[in-house]
Structure formats: C-alpha cells, structure tokens
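Let's take a walk through this structure together. Keep the sequence and the 3D view side by side as we go.

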Amino acid sequence: MEQTQWKRSSKMWMVLACLMMSFFSSIESLSVTVNDVECVYEYVLYEGDTVSGNFVVVDHDIFWGSDHPGIDFTVTSPAGNTVNNIKGTSGDKFQFKAPTHGMYKFCFHNPHSTPETVSFYIHVGHIPSEHDLAKDEHLDPINVKIAELREALESVTAEQKYLKARDARHRHTNESTRKRVVFYTVGEYLLLAGVSALQVIYIRRLFSKSVAYNRV
Amino acid sequence: MEKNNHTKQLRSATTFLLLWLTFIGESQAIWLTIPTSGTKCVSEEIQSNVVVLADYYVVADEVDHHHQIHTVSLKVTSPYGNNLHQKENVTHGQFAFTSAESGTYLACFWLQNKHEQPLTVSLDWRTGISAKDWETVAKKEKIEGVELELRKLEAAVEAIRENLIYMKEREADMREVSEATNAKVAWFSIMSLGVCILVGALQLWHLKRYFRKKKLI
C-alpha cells in the first residue's frame, strides 16, 4: 500500500519535473559505424510527440570498387510495430508522431560487407497541450507558443545538421575523387610505359639471332 | 518467448531509468548496446572551441540472474589522438571538455570483463548550446520563467546563425578542392596524351636504332 503510494508520488513528481524542465527536447547528433546492424534507442516521454530526425551515410572509403548502394533504416515502436522503414538510401529525413510513449528503436542495417559510417540526428519534440495546461497551474498559455517557436527553431537546426552531414559526405567524396584521379592516372602512365617497354623487348626478341633463323 | 522476456526486461529497465531521472534531473539520452566482444564507438565532427558535455551510465536490468554489477570501460579521443577521458570498469560517469581542434571526436565503449550478454549504456552527449548550463545563467542574471525561455530561444537563434556562417566557410573550402580536382583531371588527361605520344616516339626511335645496328634496314 505504502509502496504503491510512493511509486505514484514519485511518478507525479517526475512528470512535474519534466514539465517544468522547460519542455526539454532531446537532441542527439552522433556518428556510428555500421557493420551489420546498429541500433540506437531513444525514449519518448509523451504520446503524440513528434519525433524527427535525419541520417546520412558519410563514409566513402571504397577505392577500387563501385560506390556503396545504401543502407536500410527502421524505426520500431515500444509495442514492436515498425513505424518507419526506408530501404537502400544514402541519407534521408524522417518525421513521425509517436503513437505511444516508451523506448523507440532506430536501426541501421548494412546489407553489404563494407562498413559504413552513418551520421544521425534524432529529436523528440513536445508541445504542451490543453491537457497539460489544465494539469499544472505553473504553465501559461504563452508557454505553448514558446514551445511551438522552439520546435520551429529546432527544425531549422535539424535541417542545418542534415546539411552539415551532407557536406561531410561531399567532402569525403571529393577526397576520394582526388585520390582516385591521382592514383589511377599515375597508374595509367606507369602501365603505358610498362606495356610499351614490353612491346620493344618482344620485338627485339623476335629479331634476335637465336630465334630469328627459326621463326621470322 | 525470448522476445517477451526481452521486452519485459526492457520495460523494467525503462521504469528504473525513469526513477533514475527524477534524481539526476537530466534530460534524455540515447541508449547503445555494447557487444560482448569488440568496441562500440560513436563520433561527432566538432569545430574548435566548442563545449562538450556528456553523461553516461549502464542501464541496469532488474532481472539479473547473477546479481552482478555490470561495468563498462570507455575512452574519449580527440582528432589528433589525445586521450581526453578514460575510465575502466565504471557504472556511470561524466566528462566535459572544450574542443581544442576541429575534427572527429570519438567515444569508444567496450566490456572489460567477460559478460554473457551485451550491455546497454545510456549516453547523453551535448555539444555547444545544448551543453549550456541555464541554471547558473538564470541565477546570475536573476531571470526565470518566460524570460528564461526567451533567452534560450535567443541563444538557439545565435547558434543557427553561427552554424550558417560555418557552413558557408566549409562550402568555400570544398569549392576550392573541387576546382583543384577539376583542373587536375584536365591537366592529367592532356598529359596522358602527351605520355602516349612520347612513349610511341621512344619506341620508334629505339627500334629504328636497333634494326640499324642489326643491319636489317
């Protein structure tokens, strides 16, 4: 009896603390190397929160082969349903409204053997609704407007992070292009010189004394 | 059956996490699973002079057969390889640093002792404006409530503007590299033609000399 009361009061205190903590929105922007499957978990506190984010495949270490076709991205809700599924892409944005609160799983799947580095950004945004306003007397209707403004600014920041990740990918591509140009061209020259030297040696052999009387 | 067990474990871990949150008063973090062997690394490209604040803890499972205290080891390195923070066998911790150089900062986790199951670690990684301590600002300037919120929004707008300027500089750098590569491609192609002609001429000259020597022409 006492335990359930304590649990309930602590839960209420937690909800209040979270509400008063200025409708925090979690911001995570990180890169992770995906060998096969890499999963990242993010907790969504309220049902109906907008979860938005983006991811970009940044690495470009493949030198000799053709470029990587892309990775798969899956979002699983705490109930086990697939909320979002993007296949074979080198980067995309996503946004969905969380159907329930709980731990959401964001998984990247790399179907090929070359490891890829994925830079991702996940943002959980909460705008207090009428229900929250009624629950807590500290909340002003202006807080709703401020939360909306914050979410709008967050979307700009998210876009910037996406552009930054894309820029990193382009930089890797440029580096790779530069390396390929230099190495392939120098290799081409050496190969050309080698083949012509081989040609000369072969022709000389054709006309050499020991073989000439038998063949040419 | 195993999936049900796993979801039950996850749910119990989640309630534990919620209770933890009331005492820490921290915002959320992402959870990573550390494999039993090998390291799990997360990285971020950070400019110089940016404050980085991070909190991590091992997410405990209630259903634990051996009642072990799971520990994790981690190492944070700067782009030049300097060791910024290293801890072995800890359950929770926190580190903060100001980035000296711009580049990729890496945080790697691994399991030191033998564990049968992969471990879940919660990492709260904040850079730049998210790392700002608003409580001290509020206390110092004696602002609160709506004014504090507006101050936060102002800081967010400033961060957006700084990011934009940074992106402009990066774009200028990349444009230079692209144009250099473009010039290289053109120059190398023409040179390849030159090398071809040169090598052909050398061949002809050498063979002519050889045949003349051999009295064949």
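**Following a helix in chain B**

From residue 185 to 205 of chain B, the chain is 100% helix and 0% strand, with 30 Å between the end C-alpha atoms. Helices here are DSSP runs of H or I with at least four residues, strands are E runs of at least two, and both are numbered from the N terminus. Bear in mind that this is a predicted model, where local features need pLDDT of at least 70, side-chain atom pairs count only at pLDDT 80 or more, and totals for chains, interfaces and linings use all residues. Residues are numbered from 1 along each chain as written, chains are lettered from A in the order written, and side-chain values use heavy atoms, without hydrogens or water.

In its unreviewed entry, UniProt lists residues 185-205 of chain B as "transmembrane region". UniProt annotations may be inferred rather than shown by experiment.

Now look at α3(B), with its 68 residues: the helix reaches 98 Å from first C-alpha to last, close to the 100 Å expected (1.5 Å times one less than the number of residues). Just after α3(B), B:Lys215 takes a positive phi of about 60°.

Finally, turn to a contact with chain A. A:Arg171 forms a salt bridge (a Lys or Arg side-chain nitrogen within 4 Å of an Asp or Glu carboxyl oxygen) with B:Glu45, the closest N and O atoms being 3.1 Å apart. A:Arg171 sits in helix α3 of chain A and B:Glu45 in strand β2 of chain B, so the pair joins two chains.
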